[in-house]
Amino acid sequence: MTTWDDTWPLTRLEAHFGDRVVRCFAQRPPSLHSLLATAAANFPAREALVCGDERLTWRELSEQTVRLASAMAVRGIQAGDRVAMLIGNRCEFVTTLFATAHLGAIAVPLSIREQTPGLAFMLKDCGAAMLVHEADLGERLPTSVELPALRLRVSLGACAGSEDYTAFLANSAKAPPVPIASVAEEDVAAIMYTSGTTGNPKGAALTHLGIVHSTLHYQIGMGLSEQDVSIAAVPLSHVTGLVALIATLVCCAGKLVIMPSFKAADFLKLATQECMTHTLMVPAMYNLCLLQNDFDQLDLSLWRVGAYGGAPMPVATIERLAQTVPGLTLMNCYGSTETTSPTTLMPQGQTAAHLDTVGRSLECAEVIVVDDDGKEVAFGQLGEIWIKGPMVVKNYWGNPAATASNFTGGFWHSGDIGSIDAGGYVKVVDRKKDMINRGGYKIYTIEVENALHGHPGVLECAVVAKPCPVLGERVHAFVALREAGVSAEELKAFCAERLSDYKVPESYTLSEAPLPRNANGKLVKRALRDQIGALIAV
């Protein structure tokens, strides 16, 4: 078998989740919790977790996890129960995650930006038995009447209607340590709700098998070890935070430094203080770092892996980072909640030669491109990307209809339009729903956005369809400018020199304000389409 490169361990085909046959690592950890147990056994005195003034060794992290698991068990939380986590970027997110895994229960991370209706839906949908939440979010929580299955609420600080976290631990201080639950690889370890464009979110059921394979893909693909230090600057409640940062750094026993929220100046200060070697962020965060006046003067010589995903990295950003941090290897990652992230990774040193791709399929990932009839297309041809592997989620929690419509023969339908070349490099050109049809001509918005990014006055941009009674759709560009003075006519002329005439945006919304992004740093095109609709309605 031809491997992704020469560093991967032995793999084999295995049957999982009923009728799926997927390629798996022959030797692998058995569960999410086993990652922590191994790190604590091998490196008890090494630093594991840093958040503000709190610094925990692997031994201390393990001890805190056992203590919390025992407190949860005393109150009746057991294997299979769902434990919701409305927790921001702090150490308690990590201890709650692993205490839940210790019991064989299922973690349900929730965004702290979620509002009451969304929280009510997700807590009810998963049947959460316990909720650990930030104290200042107490007013946002649904009532007990709405959530009859929720029998335990614990607050990180004083909050009416919830037990204080410190008292919760103290009340069970004399309880004996609870034994580690025995779980099967195919058991669900976490339910992560996807942010759908329409209707209610779907709960993606991440398994121990999937999380373990994803952490190994990251660890081996990036060459991570116990010597590495990473900064978690994205929300821990997102699949990137939970799997790519928490689980992966535990898997390799590296040190994870947690930022409550991303601020470029604070991130760079931490990077130098903590001797950061690795991180995974969205491209906009790299751009914000480069805008810091002292960036060129900082000692970032130990920073060797700069992973990114969620959007294309502008060429100008790649070139500037290469000049200022010559030891940094940029690695594009492509994945999703449903693939337990990642699916592809750029092989080290190949970014410059394959700027328009997201790398190659990882060792245990199978990626194909199909047409509208579900037939695989030839190399280089566009179609929908389908993904299969042990990392792909088991199903959508309690939603057999959504599972049936989004999976075929173990392949998950990504909704992304892309292609695969003869060398195995995967290109993602657009979301299926974002493609613009202008009078029968298909326009992939990423191509137009890449052209606009080449203009020195453009900080960021997003291209969406503008409804048209004649052509069906026209091309509209939302552009955040670096400074005032750039006109729509100038941008139109710039694009006309680089794109086919029908792809050139015909209308523009220019602003010096940033474009809307969700909690994970991704552009929210839905909000931009709503703006277009409002303008047309007027």
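Student: Why is Ala480 called buried?

Tutor: The model is predicted, with local features requiring pLDDT of at least 70, side-chain atom pairs counted only at pLDDT 80 or more, and totals for chains, interfaces and linings using all residues. Residues are numbered from 1 along each chain as its sequence is written, and side-chain values use heavy atoms, without hydrogens and water. Buried means under 20% relative accessible area, exposed over 50% and partly exposed in between, with a 1.4 Å probe and protein chains only. Ala480 has a relative accessible area of 1%, and is therefore buried.

Student: Where does Ala480 lie, and with which residues is Ala480 in contact, leaving aside neighbours within four places in sequence?

Tutor: Ala480 belongs to strand 27 (residues 472-481); helices (H or I, at least four residues) and strands (E, at least two) are DSSP runs numbered from the N terminus. Contact means heavy atoms within 4.5 Å. With those neighbours set aside, the contacts of Ala480 are Gly457, Val458, Leu459, Glu460, Ser511, Ala513, Pro514 and Leu515.

Student: What makes helix 1 and helix 3 roughly perpendicular?

Tutor: Axes are lines fitted to C-alpha atoms, for helices over the stretch in contact, and angles run from 0 to 180 degrees between N-to-C directions. Angles under 35 degrees count as roughly parallel, over 145 as roughly antiparallel, 65 to 115 as roughly perpendicular and the rest as oblique. Helix 1 (residues 32-42) packs against helix 3 (residues 91-102) at about 110°, with the axes 8 Å apart. The pair is therefore roughly perpendicular. Leu32, His33 and Leu36 of helix 1 meet Leu97, Phe98, Ala101 and His102 of helix 3.

Student: Why is helix 2 called oblique to helix 3?

Tutor: Helix 2 (residues 58-74) and helix 3 pack at an angle of about 60°, and their axes are 8 Å apart. Helix 2 is therefore oblique to helix 3. The residues in this contact divide into eight nonpolar, six polar and no charged, where Ala, Val, Leu, Ile, Met, Phe, Trp, Tyr, Cys and Pro count as nonpolar, Asp, Glu, Lys and Arg as charged, and the others, Gly among them, as polar.

Student: How do you know that the radius of gyration of the chain agrees with that of a compact globule?

Tutor: The radius is taken over C-alpha atoms, and the globule rule is 2.2 Å times the number of residues to the power 0.38. For 538 residues a compact globule would have a value near 24 Å; the chain has 23 Å, which agrees. Of these 538 residues, 55% count as buried.
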